[in-house]
Amino acid sequence: MKKDVIIELETIFKLLGNRQRLTILELLRERAYSVSEIIAILDMEQSAVSHQLKLLREAQLVQTQRQGREILYCLSDSHVLTLLDNALNHVSHVLKQETHEEFLAEEREKNKKG
């Protein structure tokens, strides 16, 4: 990997290493939210939410969209969802103390039934 790619990856993973930011990203998986909605749902201070959203926006993990007079925040694109989904899948099998192969076999069985 090139140095600039490694630096950007490091930045993204540092951002994802924060509980507040992960919680905000998980919420934004559902739909776009205003800052006031995020504050109310996550019971966080306005300054904390605004700061975290600023960092996420600078890293292009979230973006804003205007709806009337309100600014809504949403995930930037499907790459962010894929990144979160892959991390969640990894955590799922780690918490179950499964190997990656066991996890994949379980997923294949679910897909056959579903």
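Before I start, one definition: a pocket here is an open set of grid points with protein on both sides within 12 Å along at least five of seven lines, and its lining residues are those with an atom within 4 Å of a point. With that in hand, let me take you through this structure, which is a predicted model.

First, confidence. The protein chain averages a pLDDT of 91, and 99% of the residues score at least 70. Among the elements, strand β1, residues 33–34, has the highest mean pLDDT, at 98, whereas helix α6, residues 100–113, has the lowest, at 81.

Now the overall division. The protein chain is split into domain 1, residues 1–76, and domain 2, residues 77–114, and the centres of these domains, taken over C-alpha atoms, are 23 Å apart. Across the boundary, 10 residues of domain 1 are in contact with 7 residues of domain 2. The two domains bury about 710 Å² between them, and carbon and sulfur atoms give 73% of that area. On the domain 1 side, the residues that lose the most area to domain 2 are Arg29, Leu75 and Ser76, which together account for 57% of what that side buries.

The largest holds about 240 Å³ of space, and its lining is made up of Phe13, Leu16, Gly17, Leu22, Glu26, Leu83, Leu84, Ala87, Leu88, His90 and Val91. The elements giving two or more residues to that lining are α1 (3–16), α2 (19–28) and α5 (78–95), and the largest share, 6 residues, comes from α5. By class, the lining of the largest pocket has 8 nonpolar, 2 polar and 1 charged residues.

By class, the lining of the second largest pocket has 7 nonpolar, 2 polar and 1 charged residues, and at least three residues are drawn from each of domain 1 and domain 2.

How values were computed. Residues are numbered from 1 along each chain as its sequence is written. This is a predicted model: local features need pLDDT of at least 70, side-chain atom pairs count only at pLDDT 80 or more; totals for chains, interfaces and linings use all residues. Side-chain values use heavy atoms; hydrogens and water are left out. pLDDT is the predictor's confidence in each residue, from 0 to 100. Helices (H or I, at least four residues) and strands (E, at least two) are DSSP runs, numbered from the N terminus. On a 1 Å grid over the protein atoms alone, a cavity is a set of points where a 1.4 Å probe fits but cannot get out, and a pocket is an open set with protein on both sides within 12 Å along at least five of seven lines; lining residues have an atom within 4 Å of a point. Grid points are joined across faces, edges and corners, and a volume is the space filled by probe spheres set on the points. Ala, Val, Leu, Ile, Met, Phe, Trp, Tyr, Cys and Pro count as nonpolar, Asp, Glu, Lys and Arg as charged, and the others, Gly among them, as polar. Domain bounds come from an automatic or database domain assignment. Contact means heavy atoms within 4.5 Å. Buried area is the accessible area (1.4 Å probe) that two parts lose on being put together, summed over both.
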